[in-house]
Amino acid sequence: MKELLTRHVQNALGALGQLARQPVATGLTVAVIAIALALPASLQVLVQGAQRIAGNWDSIRDFSVYLKPGTDLASARRLAREVSDHPAIATAELISADQALEDFRSDPAFGEALQALKENPLPHTLSVRPESAATAESLVEFKVELAGRPDVDLVQLDTQWLQRLGAILDVIRRTVWMVGGLLVGAVIVIIGNTIRLDIQNRRQEIEVSKLLGATDAFVRRPFLYIGLWYGAMGGLASLLILLAGFAILAAPLERLIALYGGDYGGLGLEPATATLVLAGGVGSGLIGAWLAVARHLSDIEPSV
Amino acid sequence: MIRLDKVTKLYAGGREALRDVSLDIGPGEMIFLTGHSGAGKSTILKLLALVERPTRGQLLVDGRNVGRLSADEIPAYRRQVGMVFQDHKLLEERSAFENVALPLIIAGIARREIDKRVRAALDQVGLLDKERQPPRALSAGEQQRVGIARAVVARPRLLIADEPTGNLDGELSLEIMDLFHRFNSVGVTMLIATHDLRLADRFRARRIVLQRGEIQSDVGT
């Protein structure tokens with residue numbers, strides 16, 4: 001057991017040493033992997049940022065509920081309370097008919113016309129702001145429920161817009177996963193191909209080792225470790241790229257989000273994203289190495 | 001120890017390298033396999049290294065039919081056989097020490113033990129002072145001696161050598177054969193394929209002459 005562990009440590013260090021002996025080639029491969037991994041990761045971070053900004057755009061989802069004319073103020077208040085208690089709703093502000101009329105009267109464009117009216121033609125209105133986490137579906141459902149109530153005249157909620165916004169975010173999210181998947185696939189191919197070349201270069205060593213009684217596992221192990229190192233170094237380098245990118249973007253982003261009344265709150269590399277990038281690097285390194293080894297190592301049999 | 005029972009080897013393309021060869025080799029024997037090139041010397045060694053398998057007949061080593069070993073069983077078998085090649089097959093980018101250590105690393109021997117045994121093997125072939133040199137820094141004779149140290153370092157009971165002196169002049173050849181003789185005298189069974197009859201004549205050893213895939217003569221000591 002201890003021997004096996006020692007052997008693995010030796011293989012791991014040996015693979016690292018082999019990579020260190022050809023720094024230029026190793027550096028180029030690592031750079032390609034790092035860039036390929038950094039692309040989907042930065043997209044992911046941008047989507048997170050966009051969602052945070054969208055969260056501050058709550059007003060774009062505000063809607064109005066017009067009550068039937070003649071509804072008394074007490075039941076209007078009751079409805080406002082009920083609406084604001086709904087889980088999908090953040091606040092529901094009641095604008096009474098009198099209040100609305102006051103507002104219009106103070107507006108010089110309407111002032112005189114309104115003087116001529118004997119009765120207040122305006123209904124009570126609720127100005128409703130949904131929770132930022134509320135889904136489009138839950139809001140549409142709530143709209144139908146509200147519109148069905150006897151004292152509600154009209155719910156002015158642009159459901160189409162809500163659904164469009166949800167659909168756009170869905171498309172973007174899926175695009176990120178797709179681009180991510182493609183680029184991880186590219187990393188696997190890059191590492192696989194690099195290791196294929198490595199196997200060809202070390203053909204003699206593999207043949208001799210097999211003649212001296214090396215098992216397939218013995219011959220395979222150094223290449224798997226090389227794949228693992230490529231992946232790990234590529235993952236680390238891509239984290240550096242991402243951090244540098246955020247450092248460059250930090251100031252303008254902060255200004256942009258502040259302009260939308262948002263809180264910058266340290267938009268950047270979350271531990272989960274960083275872990276995913278590293279795991280993606282190591283995982284695709286191992287898979288690429290394994291594919292190359294499975295495909296090409298069995299071709300090499302010693303011929304004396 | 002080794003027994004070939006009516007072994008026939010056909011290569012792809014139909015060339016018959018061995019035809020119904022039967023042969024018994026006892027433990028501790030030293031044998032020269034001679035004959036013209038293409039007579040079947042190398043094929044016998046390839047069968048023993050399990051690089052090739054018999055087309056017909058049985059190849060028994062210690063009573064086991066090794067001609068039928070599965071791919072998984074071959075590595076463990078090969079670790080018990082020392083091999084010396086005409087072109088020595090040393091790894092160019094590794095030092096003499098690392099080349100000799102390779103069979104022990106493959107066998108999973110502990111590092112400290114490896115150091116000791118590699119130095120002992122290099123000492124036996126007289127190259128202890130060159131352990132750090134890569135093969136290209138060594139003379140042809142020295143390279144072959146490193147190859148021999150690598151073949152014996154794991155203490156195999158059987159050592160096979162295919163034209164080990166093929167690239168060496170007379171003096172160096174004699175040196176190599178002397179080494180083989182010394183290993184044989186401590187009990188290693190030795191099978192040496194060579195076309196150099198004058199060299200073989202200088203040692204008291206069983207000599208098997210092959211001709212067109214058949215045993216022409218088998219003269220004991």
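## The largest nonpolar core

A nonpolar core is a set of buried Ala, Val, Leu, Ile, Met, Phe, Trp, Tyr and Cys residues joined through side-chain atoms within 4.5 Å. The model discussed here is predicted. Its largest nonpolar core holds 39 residues, of which I195(A), I199(A), I206(A), F223(A), Y230(A), L242(A) and L297(A) touch the most other members. Several elements of chain A give two or more residues to this core: helix 1 (2-21), helix 2 (23-55), helix 7 (159-201), helix 8 (203-211), helix 9 (216-259) and helix 10 (271-296). Helix 3 (96-107) of chain B also gives two or more residues. The most comes from helix 9 of chain A, which gives 10 residues. In soluble globular proteins, nonpolar side chains tend to be buried together.

Leaving aside residues up to four places away in sequence, L242(A) touches A38(A), A41(A), S42(A), L269(A) and V277(A).

## The interface of chain A and chain B

The size of an interface is often given as the accessible area lost when the parts come together. Between chain A and chain B about 1,800 Å² is buried, with 62% of it on carbon and sulfur atoms. To this contact chain A brings 18 residues and chain B brings 22 residues.

Across the interface of the two chains there is 1 salt bridge. E205(A) forms a salt bridge with R94(B), and their closest N and O atoms are 2.4 Å apart. On the side of chain A that touches chain B, the elements giving two or more residues are helix 1 and helix 8 of chain A. Helix 8 of chain A supplies the largest share of that side, 6 residues. By type, the residues on the side of chain A that touches chain B comprise 7 nonpolar, 6 polar and 5 charged.

## The setting of S96(A)

S96(A) lies in the loop between strand 2 (89-95) and helix 4 (97-106) of chain A. Is this residue, S96(A), buried or exposed? S96(A) counts as buried because its relative accessible area is 13%, and buried means under 20%. Apart from residues up to four places away in sequence, S96(A) touches L73(A) and H124(A).

Definitions and conventions
Residues numbered from 1 in each chain as written. Chains lettered and ligands numbered in written order. Predicted model: local features only at pLDDT ≥ 70, side-chain atom pairs only at ≥ 80, totals over all residues. Heavy atoms only, no water. Buried < 20%, exposed > 50% of the residue type's maximum accessible area, 1.4 Å probe, protein only. Helix = DSSP H or I, 4+ residues; strand = E, 2+ residues; numbered from the N terminus. Contact = heavy atoms within 4.5 Å. Buried area = accessible area lost by both parts, 1.4 Å probe. Salt bridge = Lys/Arg side-chain N within 4 Å of Asp/Glu carboxyl O. Nonpolar A, V, L, I, M, F, W, Y, C, P; charged D, E, K, R; others polar.
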